[in-house]
Amino acid sequence: MLMSNHMKKSVPSMITKVKARQILDSRGIPTVEVDLYTNKGMFRASAPSGASSGMYEAIELRDGDKGTYLGNGVSRAVRNVNEKISEALIGMDPTLQSQIDQAMIDLDRTEKKSELGANAILAVSMAACKAGAAEKEVPLYKHIAVLSGNTNLSLPIPAFTLISGGKYAANFLPVKQIMILPIGARQFEEALQMGSETYHHLKAVISKKYGTDGCSVGEDGGFAPSITSIREGLDLVKEAIGRTGYSEKLKIAIDVDATEFCIGTKYDLDFKSPNKSDQNFKSGEDMINIYKELCSDYPIVSIEDPFDKEDWEHAKHFSNLGICQVVGDDLLMSNTKRIERAVEESACNALLLKVNQIGTVTEAIENVKLAKDAHWGVVISQRSGETEDAFIADLCVGLAVSQIKAGAPCRGERLAKYNQLLRIEEDLGDQAVYVGDDWRLS
Ligand code: 2PG
Ligand code: MG
């Protein structure tokens, strides 16, 4: 027995088995989970899934058989892992992330990973990354730091969703999320406390004004009271912040998700209202003026997707005003070419990175580097369909990305990420640096 343990240690580590299964995400929709085995043990990862999917992002492979999970099954992606990917990766060294990712890219051979499925490839890529960390006997975030050549680890500021609207909720609020950023906290732990306390104060504020049924929540845990305007939502958040005693320490961010309500060249802020008239259509210029006013009336420091994903002109104009951080989500779709174009044209000044829109850990690292080289901010983001996998928490710390968007400080799949950041902060001890005021520098 002793002998065999000793022998086990001297065997160079390699991937011995890759096994996928279909599980359900936070919306109850199938997704891919992978167990990747090496001589060191089993390492598990699962792919998230979004509501907005654009034509430039990596393709999520779904079965399309309407009789099963309404067409959303992922058995083909699972089979691709269990057969083709497994065959290609067995025997590889789990610490060689870029080679593992390249092997899958080569096997797929399509630009958007449509052959094997980005859901299949990403889950394997993340599981391999965890296996690589275990092989080196370091925490995942440290392994990611080494893979990316980063030496300054930091804990990101969390963007906590407090109010949900847009596609995320059944109210008439046009924007998708109203979030708070605890930039004045000293540590991540304090940031999480501020987020949780504000969330619960907000619950009381909403319940008083709209009754307890106003406290039902949207896709990523934000409250979804029956409100119709951005100002109504911002006033509720302002009141909740006022009750916390953290007024100076909390800033506001919004994800407008304007692609959702762009009709031709106009923006329909009443798009969810049953009594809408086309009287309230706004031009891109009107929207710029609305944002200017909102930023001066509320402590808003970041606006995501203020315009349609193809409205580069207004994005450029607004970004160049320098009023706040302008985050490109649907504008960029985490696509390298779109990021390069946006850098060249200054169409935004921060990247929202969704790992499943790219499909491998190596490409995620490269895209973050692109944004950092342009002196942009970077936000690593959840998807609306999440799993308990906390990979993006380690990714943020390892890449020293200064912002994470993982939803409300509520619901297990959202807290999986925030709770992991608590553990990382504890693990780093005296070395832990919470980005705080430097949240825009990635
Ligand atoms: C967004 C994301 C995450 P989805 O718009 O920022 O919140 O949404 O995953 O639904 O595309
Ligand atoms: Mg968005």
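User: What makes the contact between Lys 176 and Asp 257 a salt bridge?

Analyst: This is a predicted model. The closest N and O atoms of Lys 176 and Asp 257 are 3.7 Å apart. A salt bridge requires a side-chain nitrogen of Lys or Arg within 4 Å of a carboxyl oxygen of Asp or Glu, so a pair at this distance qualifies.

User: Where in the chain do the two partners Lys 176 and Asp 257 lie?

Analyst: Lys 176 is in the loop between strand S4 (157-164) and strand S5 (177-181), whereas Asp 257 is in the loop between strand S6 (251-255) and strand S7 (262-263). The two are 81 residues apart, and the pair links distant parts of the chain. Both Lys 176 and Asp 257 are buried.

User: Why is Arg 62 called buried, and what is Glu 60 called?

Analyst: Arg 62 has a relative accessible area of 15%. Buried means under 20%, so Arg 62 is buried. Glu 60 has a relative accessible area of 28%. That value lies between the cut-offs of 20% and 50%, and therefore Glu 60 is partly exposed. The side chains of Arg 62 and Glu 60 meet in a salt bridge, with 3.3 Å from N to O.

User: What does the salt bridge between Asp 255 and Lys 405 tie together?

Analyst: The closest N and O atoms of Asp 255 and Lys 405 are 3.1 Å apart. Asp 255 lies in strand S6 and Lys 405 in strand S14 (residues 403-407), so the pair ties together parts that are 150 residues apart in sequence. Asp 255 has a relative accessibility of 1% and Lys 405 a relative accessible area of 4%. Both values are under 20%, so both residues are buried.

User: How do you know that Lys 405 makes a polar contact with ligand 1?

Analyst: A polar side-chain atom of Lys 405 is 2.7 Å from an oxygen atom of ligand 1. A polar contact is a pair of N or O atoms within 3.5 Å, so this pair meets the definition. For Lys 354, the distance from a polar side-chain atom to an oxygen atom of ligand 1 is 3.3 Å, which is therefore also within the cut-off.

User: How much of ligand 1 does the protein bury, and which kinds of residue form the shell around the ligand?

Analyst: Taken alone, ligand 1 exposes 310 Å², and the protein buries 100% of that. The shell around ligand 1 consists of three nonpolar, six polar and seven charged residues.

Key. Residues are numbered from 1 along each chain as its sequence is written. Chains are lettered from A and ligands numbered from 1 in the order in which they are written. This is a predicted model: local features need pLDDT of at least 70, side-chain atom pairs count only at pLDDT 80 or more; totals for chains, interfaces and linings use all residues. Side-chain values use heavy atoms; hydrogens and water are left out. A polar contact is a pair of N or O atoms within 3.5 Å; within protein, one must be able to donate a hydrogen and the other to accept it, and residues adjacent in sequence count only if both atoms are side-chain atoms. Accessible areas come from the Shrake-Rupley method with a 1.4 Å probe; for residues, only the protein chains shown count as cover. Ala, Val, Leu, Ile, Met, Phe, Trp, Tyr, Cys and Pro count as nonpolar, Asp, Glu, Lys and Arg as charged, and the others, Gly among them, as polar. Buried means under 20% relative accessible area, exposed over 50%, partly exposed in between (1.4 Å probe, protein chains only). Helices (H or I, at least four residues) and strands (E, at least two) are DSSP runs, numbered from the N terminus.
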